[in-house]
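This report walks through a few parts of one structure, shown below. Please keep the view open while reading.

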Protein chains: 2
Amino acid sequence: MAATIKDVARRARVSIASVSRTLNHSSSVTPNVRERVLRAASRLNYTPHAAARSLIIRRTHTIGLLLPDIHGEYFSELIRGVDRAARSRGLHLLVSSTHGNNAEAADALRSMNGRVDGLLMMSPYIGGASLEDALPSGLPTVLMNTHEPAGIGTAFVVDDFGGARAITAHLVAAGYQDIVHIRGPANDFQSLERVRGYRAGLGAGCRARVIDGDFTEESGYLAGRALAASDTRPQAVFAANDTMAIGCLFALTEAGVRVPHDIALGGFDDIPLARFVSPPLTTVRVDVAEMGRRALESLVVSIADPDGAGRSSVETVPVELVVRASCGADSRGQTPCKEAGG
Amino acid sequence: MAATIKDVARRARVSIASVSRTLNHSSSVTPNVRERVLRAASRLNYTPHAAARSLIIRRTHTIGLLLPDIHGEYFSELIRGVDRAARSRGLHLLVSSTHGNNAEAADALRSMNGRVDGLLMMSPYIGGASLEDALPSGLPTVLMNTHEPAGIGTAFVVDDFGGARAITAHLVAAGYQDIVHIRGPANDFQSLERVRGYRAGLGAGCRARVIDGDFTEESGYLAGRALAASDTRPQAVFAANDTMAIGCLFALTEAGVRVPHDIALGGFDDIPLARFVSPPLTTVRVDVAEMGRRALESLVVSIADPDGAGRSSVETVPVELVVRASCGADSRGQTPCKEAGG
DNA sequence: AGACTCTCTGAAAACGTTTACTTGGCGCCG
DNA sequence: CGGCGCCAAGTAAACGTTTTCAGAGAGTCT
């Protein structure tokens, strides 16, 4: 249907080589030929066939983005960050999601062979087949938020541990002793790191209490309801993400428990609505868009130089404690203290 | 780097044709050969090269998704809906965003030639070059929320008009007479439709008052602050989307104006946080994920049958009025009344 | 037992590009 | 005035598949 290079060549009365030369690197082509080709091309509304082109060029100008599950602002922001960086470099984005585990990820991954120049993947899942086998050999890859031992390539990981420790320590410093943690799913790397950070932040004096959750608003709601009804009501709650924190807040408010007066509350991620709930949520800010951007930049580098020296590095993405009213420590420590490194 | 079909053939001591036959439609191949091929393939970790394959198959198993700007829950949900439907059909998703206008969209569009089997695009922008020229001829396309005259293909449009009319009428029915509308950007089709719906919903008795906005939280905040300070404070505000409504709510609350007691408030979209702000926001629910899913299904159909009969149809995606506390009519009309069709 | 048919396999063409190599024409220098 | 060299344009190979076509071998029917 669409015009091919042959059609253009025929119409311009030149060889297909001349058409290609004119349209690409334009290495030495007569003005006469050049003009004829351009006219023919625009007349036929010609666009090179990407598949054919990339077959011989060995470059697709596309990078694959594998995400655990597209969900909420978090991923929207991530995609946004990656997309902007990609677009500014003339790269396309092949997005794939909902791989519930590494096996499924491996599947999605192999089907990308010949489709992408590099891979950006976020796979916090733990267990299952390793990804190394599935990775088409020689395909540059940058990982995000993964626990996989490096060695595959570069990785960017959010400082989940540091952030969780910081917010927990902040609660402790605010005077709370009995702090409950609503954790994320057990097979999620970030979730584990946040639990670890929580424990580290508690210090010696406080006893750890962990409730199961799965990062959904509903699980936060259920946890909140349970806590409100409980006779061992804690002084503070740190939910492993804002979504659960908000669900929890909803349940507490519904039960007549005042936040932060009766129970202080903290979250993680600083999703946009965190500022808008009442009371505004104390949380840990993660700049996912920035992480996406950096990951893509890094990927571009290793595509350009496949044998580059900077392989197998792990970069930690800094987070920032954001103190708002929900933790009850607003008046004391309202200056958001930067928390960087791990 | 990666193994090709030739490597497999050599290792299995058969021709490449046999390899291809074994791996694809497996049309009659001897168990002996079959086993040798499979063994060789798995040994070499072979994956067909997608570009080469699609070059001859004339099918990429990829569909392009063009979005105005990836932003917030709205697009996250849209991508989610499309992605799920695509994945269940073994299709890949090439996502492109941030085309600020039709010219840029046209650009992104042509670079997808040979990369995708079909196009799913959402382009609410008005003005600029028409898209018909840019569309690679013969590429099945499904549009979403566009004002372009049909004729290009199928289109799905959210019932912005109907939704806006419904919520405005609801406010009128609740007894408010002076209702201000915070509108979206002037070059956005949906924005115009919502203004139109607002006017229609007001009926004869009420005077229309429209404030400019641009769909951002900040513009809603500014509008809210202006209204709070104004001496002609309205009885109710209908913001063209929830994001602005929430910004407005924030400003009003900050200024000591109580919602809904002093000013009633309504939004549009029913983003997840609409339920969680205080008071919960009365709004119009739009199931974007469902729209994405339906659009993709429709696209798949027209890819399978390029000369299908159902071309150039426009389907309206129904919306639903969701009455919550912010409009002050909660106790009266709390039953969410379905609003379908346009 | 011979011929016909059927089935499986391999050779080769095709998809739409890019690019190395070849050819041809022209100018310049000897 | 003739040869040499350079530059532009064309020819063809290559990328990794799928698929058509042809051939070979075996089985069956007469």
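## The sheet in chain A

In this predicted model, chain A holds an open sheet of four strands in the order 7-6-8-9, with parallel pairing. The edges are taken by strand 7 (209-211) and strand 9 (264-266) of chain A; each has a single partner strand, so one side of each is left without a neighbour in the sheet. On average, and with direction ignored, neighbouring strands of this sheet are turned by 20° against each other.

Strand 6 (residues 179-182) and strand 8 (residues 236-239) of chain A run parallel and are joined by four bridges. In strand 8 of chain A, A:Val237 is the residue opposite A:Val180.

## A helix across the sheet

Helix 10 of chain A, residues 217-229, lies across strand 6, strand 7 and strand 8 of chain A. Its direction is at about 150° to strand 6 of chain A.

## Two helices that cross

Two packed helices are described by the angle between their axes and the distance between the axes. For helix 2 and helix 3 of chain A, the axes come within 10 Å and cross at roughly 90°. Helix 2 of chain A is therefore roughly perpendicular to helix 3 of chain A.

Helix 2 of chain A contributes A:Ser18, A:Val19, A:Thr22 and A:Leu23 to the contact, and these meet A:Val33, A:Arg34, A:Val37, A:Leu38 and A:Ala41 in helix 3 of chain A. By class, this contact has six nonpolar, two polar and one charged residues.

## Around DNA strand D

DNA strand D has 26 residues around it, and those that come nearest are A:Ala17, A:Ser28, A:Thr30, B:Ile5 and B:Ser20. At least two residues of the surface near DNA strand D come from each of helix 2 (16-23), helix 3 (31-44) and helix 4 (50-57) of chain A, and from each of helix 2 (16-23) and helix 4 (50-57) of chain B.

Helix 4 of chain B supplies the largest share of this surface, five residues. The surface near DNA strand D has 15 nonpolar, nine polar and two charged residues.

## Around DNA strand C

DNA strand C is surrounded by 26 residues, of which A:Ile5, A:Ser20, B:Ser15, B:Ser28 and B:Thr30 are the closest. Helix 2 and helix 4 of chain A each supply at least two residues of the surface near DNA strand C, as do helix 2, helix 3 (31-44) and helix 4 of chain B.

Here helix 4 of chain A gives the most, with five residues. By class, the surface near DNA strand C has 15 nonpolar, nine polar and two charged residues.

Conventions. Residues numbered from 1 in each chain as written. Chains lettered and ligands numbered in written order. Predicted model: local features only at pLDDT ≥ 70, side-chain atom pairs only at ≥ 80, totals over all residues. Pairing = 2+ DSSP bridges. Axes fitted to C-alpha atoms, helices over the stretch in contact; angles between N-to-C directions. Contact = placed C-beta atoms within 7 Å. Near = placed C-beta within 6 Å. Nonpolar A, V, L, I, M, F, W, Y, C, P; charged D, E, K, R; others polar. Parallel < 35°, antiparallel > 145°, perpendicular 65-115°, else oblique.
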